[in-house]
Each structure stands twice: as structure tokens, then as C-alpha cells.
Amino acid sequence: MVNAALVLEGGALRGMFTAGVLDVLMERGTEFAYVNGVSAGSLNGINYVSKQKGRSRDINLDYVNDPRYLGVRNIVSNGGIFNFRFLFGELADVLVPFDARTFFASEQRFEVVATNCVTGEAEYFEKGREPEIMRASAASSSMPVISSMINLNGKRYLDGGISVPIAYQRAINQGYNRIVLVLTRQAGYEKPATSRAMKLTYTKYYRKYPALVKRLIEVPENYNAMQKEITELEQEGKIFVIRPKKPVEIARIEKDVERLRRLYNEGCLMMQERMEAMEEYLGK
């Protein structure tokens with residue numbers, strides 16, 4: 001196990017790129033001492049820590065068009081467009097079994113990032129310390145407006161990406177001086193400013209949560225600032241970044257299986273191409 005951090009960005013089904021990257025890491029037996037994930041990054045991270053190569057890929061390719069997993073009806077009946085009851089229930093127990101024993105026995109530290117809806121701040125939930133780590137991952141992955149808030153330990157949470165899209169600073173604060181980031185956007189990507197219509201939507205929808213509204217409106221500005229800092233840290237050799245070579249032209253809720261498969265394969269290929277450079281950075 002390498003004494004380094006692995007930080008996983010979210011992005012809903014853009015996370016198929018991350019799934020490809022992680023499957024190559026598992027194939028090579030590369031284990032990081034510390035892993036954190038935001039939103040879809042947390043879901044991918046769970047399967048990486050449980051050492052289940054191909055599980056993230058298979059879930060999304062085989063069930064993306066299954067309304068039990070993904071569909072607008074779930075917003076009303078299951079609290080979000082992604083049905084976490086199905087994902088962590090029947091799917092994990094029967095259809096694509098989750099190796100909970102390996103996950104919880106792993107010596108790897110694993111943290112999930114979610115946004116506290118009252119404070120608008122990021123909170124971190126660690127395997128072994130948070131009994132409901134799967135529920136924390138559901139909270140981290142609950143996209144605003146199209147998902148309900150997740151209640152956890154008496155508090156309400158939403159998508160970790162609202163407060164911390166890429167939790168590399170958390171890894172730095174935990175004392176790691178070798179940090180690998182897996183991003184789901186190409187170099188130079190910038191989020192467009194929040195539109196007036198979305199500002200009004202957030203303000204109306206979350207009128208009881210002003211700190212959350214402020215965070216939501218500021219997401220593009222904060223994300224773009226992070227990307228700029230990531231570029232600077234990468235140029236200084238302080239972090240190592242794996243990301244798509246070109247724009248990821250799939251929707252966050254992509255239904256085209258072949259497009260998702262291609263993105264997964266791009267992740268695999270990118271990790272294969274970058275493996276030697278990453279190992280040199282890690283001092284392996």
C-alpha cells in the first residue's frame with residue numbers, strides 16, 4: 001500500500017471515466033492509504049476499496065436504463081433521480097453483490113464528502129467511524145433540486161460537490177504529501193456562471209436554507225478557482241492529475257450505453273498511459 005492520497009471528483013455518469021481509471025489501478029494492485037470521494041466519486045471509491053474491479057462499470061452499463069435505478073419517477077417515489085434504496089439494497093445484495101466484508105476490513109482510509117444543508121459547509125464521513133457510510137455516500141451523491149435531502153445523524157445533507165467539488169485540500173490537511181486526483185473534466189474546463197433562472201430556482205426551492213443557496217450560486221466560481229489552483233499545484237509537482245484528454249460530451253444523466261462504455265474505456269486507457277508517470281511521482 002502506498003502512503004498517498006487518492007481524490008475522486010464527482011460528475012454523475014461522467015464518473016464512468018473514473019471507473020475505468022480505478023479498474024486499472026485494481027488490476028495493477030495499486031492501493032492508496034487514503035481515498036476520498038465526492039458525489040459519484042464516493043460511489044466509485046466504495047467499489048475501489050472493496051476491490052471489486054468492474055462493479056461500477058457493470059452497474060451503470062447494465063442498469064442505467066432500468067427505472068429502478070435511474071429515472072424521473074424516482075424523484076417522487078424514492079427521493080431522487082438515482083434510487084439509492086435500489087443501489088444499496090437489491091442491487092448490492094443480489095444483482096451485483098457488494099463485498100462489504102472486504103470493504104470494511106480494508107486498511108485503506110475512506111472518506112465521503114457531503115454538504116450540510118443548514119451551514120452550507122462540507123462534512124466528512126469516514127469508514128469505520130461513520131456507521132452509516134453508505135447513507136453518507138447517498139447524501140454526497142444527492143444532486144440539488146432533483147434529489148431530496150438525506151437525513152444523517154439528525155442533520156440534512158446534499159451533494160458534496162456543492163461545497164467541495166474536489167477534496168484535495170482535505171488530503172493535504174490529513175498530512176499526505178503525495179496526492180493523485182482523478183477528475184472528470186478536461187484541462188482548462190470552466191463552469192459557466194449560475195444563470196438568473198437557476199438563482200431564482202435555488203432561492204425559491206431552498207428558501208429555508210440561505211447558506212445552501214449561497215453555496216449553490218457560488219459553485220461555478222468556486223469550481224473554477226479550484227481548477228486554477230489544481231493546475232498550479234500540478235505544475236509545481238505537488239499533485240498528480242488524471243483527467244480526460246478531451247471534453248466529456250455525455251450528460252450527467254446519460255442513457256446511451258455505448259457512450260458510457262466509450263468513456264469507461266477512455267478512463268482505462270488514460271490510466272494505462274499515465275501509470276508509469278504516476279508511479280514515478282509516488283516514488284514506487
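**Methionine 270.** I looked up methionine 270 and found that it counts as buried because its relative accessibility is 8%, buried being under 20% relative accessible area, exposed over 50% and partly exposed in between (1.4 Å probe, protein chains only). The model is a predicted one, in which local features need pLDDT of at least 70 and side-chain atom pairs count only at pLDDT 80 or more, while totals for chains, interfaces and linings use all residues. I number residues from 1 along each chain as its sequence is written, and side-chain values use heavy atoms, with hydrogens and water left out.

Methionine 270 lies in helix H12; helices (H or I, at least four residues) and strands (E, at least two) are DSSP runs numbered from the N terminus. Leaving aside neighbours within four places in sequence, I list Phe17, Ile242, Arg243 and Lys245 as its contacts, contact meaning heavy atoms within 4.5 Å.

**Cores.** I then looked up the nonpolar cores, sets of buried Ala, Val, Leu, Ile, Met, Phe, Trp, Tyr and Cys residues joined through side-chain atoms within 4.5 Å. The largest has 65 residues, and those with the most contacts inside it include Leu6, Leu25 and Met278. Helix H12 (residues 257-282) gives the most to this core, eleven residues. A second, separate core has 23 residues, among them Val113 and Leu183.

Beyond neighbours within four places in sequence, leucine 25 is in contact with residues including Leu6, Phe32, Tyr48 and Met278.

**Glutamate 9.** Which elements flank glutamate 9? Its loop runs between strand E1 (2-8) and helix H1 (15-28). I found glutamate 9 buried yet without a salt bridge, that is, a side-chain nitrogen of Lys or Arg within 4 Å of a carboxyl oxygen of Asp or Glu. The nearest side chain of opposite charge is arginine 14, 4.9 Å away; Lys and Arg count as positive, Asp and Glu as negative, and His and the chain ends are not counted.

The glutamate 9 side chain does reach the backbone nitrogen of threonine 184 at 2.8 Å. I also noted a polar contact of 2.7 Å between the side chains of glutamate 9 and tyrosine 223; the term means a pair of N or O atoms within 3.5 Å, where within protein one must be able to donate a hydrogen and the other to accept it, and residues adjacent in sequence count only if both atoms are side-chain atoms.
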